[in-house]
Amino acid sequence: LPPRDSLKLLATALAALDQEGIAHPEHHLMVIRGLQTTTLVVKKNGVTRADIAALQRFCTARAFDLVFYPGMTKAEANRFNQLAEPAFYEGALALLGPGAPAFLSRYKFNLTPTSDDKPFFFNFLKWDSIAEIMALRDKGGMALMEWGYVVLLVTLCQAGLASAVLIVLPLFFLKEKGKTRRLPLWRVVVYFFGLGLAFLFLELTFIQKFILFLGHPLYAATVVLVAFLFFAGLGSICSQRLAQRRGPRQVAIAAMAAIVALALLAVGGLPPLFQHTLAWSLWARIGVALAVIAPLAFAMGMPFPLGLTCLGAQNPALMPWAWGINGCASVISAMLATLGAVHCGFSAVVIGALLLYALAACCFPD
């Protein structure tokens, strides 16, 4: 208490019914609870009196508490597994009423409906509640803290601090060697750091997007990672040949422009593509995934080696440093992408990646 999982599940079901164009979602829902569980029933054609009667008999026979059904009264709630107040019933009424937005805003926990773009059902943390939770730590309040989120944030801070040290510290050794640097160092940092962030942002987003399509997180992670690494490797090989004909800068900028266009096309086209191919066999769907990822990953494999080529031609001493910058960004990007998706959704993570590629194009080290 206060309720979290059950009310967020109900809020998500209400959002789904609203998207289906159902005018009175409260006529399609029934909720009961036991000592440790909550059960939500969503009926497409609406709840009937016979359904309600069956629900009441079930709860009476097995000591489950009614939380909500169409027409339920407060006196029917909180009968067996009694609480000081019928918090589950009152929360359900608040979500079903006209004051739902205000209720969600002032509630102690984040009950925002879960979606495919923000699929973090168990993210209940509200920053406004942290002080109260900490004040209740001696009374068991720490169990209400979302430690997964806290650990992610702390890990990001640790990685960020370590990255700052590993990026800045080598500059002192470079200066001691008296190496001349024709390029502004900030351009090298922005370019290689931006590429490291953007690559992982897109990679992690596509893993999430393909979980539903391929049917399991393990399938999605395996297929997407293999596809990105393999086709990005091909892009890296071909980039040098193309650079000999067109020049590294022209090829890199063209590749980054292609990344922006292909990523927008892929993300926008995935829902209708999935809708038409979801019934295909697993191997056929894997083929679809590879076909979608291949051109994007091929282009994503070009900017990094092309940047190294130009940097090596001007100041070879900076090449290991550039590798280190990119590696630090790759570590940080996984945590940043997750935090960004939690707060803003995976679509925002994609937009962030494309903006980073555009910024990198402006800072190409030539």
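**Close-up views of the predicted model**

**View 1. The largest nonpolar core.** The largest nonpolar core holds 81 residues, and those with the most contacts inside it are Phe-192, Phe-206, Phe-210, Phe-228, Met-256 and Tyr-357. Helix α7 (residues 185-214) gives the most to this core, with 15 residues. Such a core is a set of buried Ala, Val, Leu, Ile, Met, Phe, Trp, Tyr and Cys residues joined through side-chain atoms within 4.5 Å. This is a predicted model, where local features need pLDDT of at least 70 and side-chain atom pairs count only at pLDDT 80 or more, while totals for chains, interfaces and linings use all residues. Residues are numbered from 1 along each chain as its sequence is written, and side-chain values use heavy atoms, leaving out hydrogens and water.

View 2. Asn-326 counts as buried because its relative accessibility is 14% (buried means under 20% relative accessible area, with a 1.4 Å probe and protein chains only). Its side chain reaches the backbone oxygen of Phe-192 at 3.0 Å. Not counting residues up to four places away in sequence, Asn-326 touches Phe-192, Leu-195, Gly-196 and Phe-304 (contact means heavy atoms within 4.5 Å).

**View 3. Helix α12 against helix α13.** α12 and helix α13 (residues 346-362) pack at an angle of about 130°, with their axes 7 Å apart. Ala-337, Gly-340, Ala-341 and Cys-344 of α12 meet Phe-346, Ala-348 and Val-349 of α13.

Notes: Buried means under 20% relative accessible area, exposed over 50%, partly exposed in between (1.4 Å probe, protein chains only). A polar contact is a pair of N or O atoms within 3.5 Å; within protein, one must be able to donate a hydrogen and the other to accept it, and residues adjacent in sequence count only if both atoms are side-chain atoms. Helices (H or I, at least four residues) and strands (E, at least two) are DSSP runs, numbered from the N terminus. Axes are lines fitted to C-alpha atoms, for helices over the stretch in contact, and angles run from 0 to 180 degrees between N-to-C directions.
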